[in-house]
Amino acid sequence: MMTHTRYAFIKANWHSDIVDRALDGFLELIPAEQVDVFDVPGAFEMPLLARDLAQTGQYAAVACAAFVVDGGIYRHDFVAQAVVDGLMRAGLDTGVPVLSVSLTPHQYQETDHHNAIYRDHFVEKGREAAQAALMIAKTRAELTRAA
């Protein structure tokens, strides 16, 4: 098995001022030249692209970032659950780690205060996704060597 040093990062464009901060955190640990970035309209579009990217065999992991908030007209918790299930399935179906950097707050108001909190939180979540991507790649490489 080849060890890949490239990573895909998918980000949803809804609330991009907040979601894009996850990429900032991710790039604190993984050099930008090793990361291919893809934009999708919203969270719901992430699992299909994650699967497609994972199937190329080019990536050690695929990270997906979105901010799913209650828009008042649909059950955002159902959307979030469908997205997480889809991302998990993409990883299991392809054998490539697919990581979720998706937040679904129950209390979110579009205020400067809340936006600042979530921007900071997304930086941290992006950093955690990068740590997870590096750790799982290392663990899987060790499993391959041991086999």
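A nonpolar core is a set of buried Ala, Val, Leu, Ile, Met, Phe, Trp, Tyr and Cys residues joined through side-chain atoms within 4.5 Å. I start with that term, and I note that the model I am reading is predicted.

**Entry 1: the cores**

I looked up the largest nonpolar core and found 25 residues in it. Tyr7, Phe9, Phe26, Ile30, Val35, Phe67 and Phe122 are the members that touch the most others. H4 gives the most, with six residues. Another core lies apart from this one and has 20 residues, including Ala12, Ala54, Val83 and Leu87.

**Entry 2: Phe9**

I picked Phe9 and listed what it touches, leaving out residues up to four places away in sequence. The list holds Ala22, Leu23, Phe26, Val35, Asp36, Val37, Phe38, Ala63 and Ala65. Phe9 also belongs to an aromatic cluster, together with Tyr7 and Phe26.

**Entry 3: the chain as a whole**

I went through the secondary structure and found four helices and four strands. Along the sequence they follow the pattern β-α-β-α-β-α-β-α. The radius of gyration is 15 Å, close to the 15 Å that the globule rule gives for 147 residues, so I note the chain as being as compact as a globular protein of that length. The C-alpha trace spans about 50 × 30 × 20 Å along its principal axes. Of the 147 residues, 41% are buried. I also looked at contacts between residues at least 6 apart in sequence; 77% of them join residues at least 24 apart.

**Entry 4: the sheet**

In what order do the four strands of the open sheet stand? I read the order as S2-S1-S3-S4, with parallel pairing. Strand S2 (35-40) and S4 are at the edges with a single partner strand each, so one side of each has no neighbour in the sheet. On average, neighbouring strands are turned by 15° against each other, direction ignored. Between S1 and S3, which run parallel, I counted five bridges. Ile10 has Cys64 in S3 as its bridge partner.

Next I looked at the helices on the sheet. H1 packs on it and touches S1, S2, S3 and S4. The direction of H1 makes about 165° with that of S1. Helix H2 (residues 46-55) also packs on the sheet, touching S1, S2, S3 and S4. For H2 I noted about 165° between its direction and that of S3.

**Entry 5: aromatic pairs**

I found four aromatic pairs. One of them I followed up, Phe67 with Tyr118: the ring centres are 5.1 Å apart and the planes stand at 45°, so the pair is tilted. Which parts of the chain does this pair tie together? Phe67 lies in strand S3 and Tyr118 in helix H4, so the pair ties together parts that are 51 residues apart in sequence.

The cut-off for buried is under 20% relative accessible area.

Terms used: Residues numbered from 1 in each chain as written. Predicted model: local features only at pLDDT ≥ 70, side-chain atom pairs only at ≥ 80, totals over all residues. Heavy atoms only, no water. Buried < 20%, exposed > 50% of the residue type's maximum accessible area, 1.4 Å probe, protein only. Helix = DSSP H or I, 4+ residues; strand = E, 2+ residues; numbered from the N terminus. Contact = heavy atoms within 4.5 Å. Pairing = 2+ DSSP bridges. Axes fitted to C-alpha atoms, helices over the stretch in contact; angles between N-to-C directions. Phe/Tyr/Trp six-rings, centres within 6.5 Å; stacked < 30°, edge-to-face > 60°. Rg over C-alpha atoms; globule rule 2.2 N^0.38 Å.
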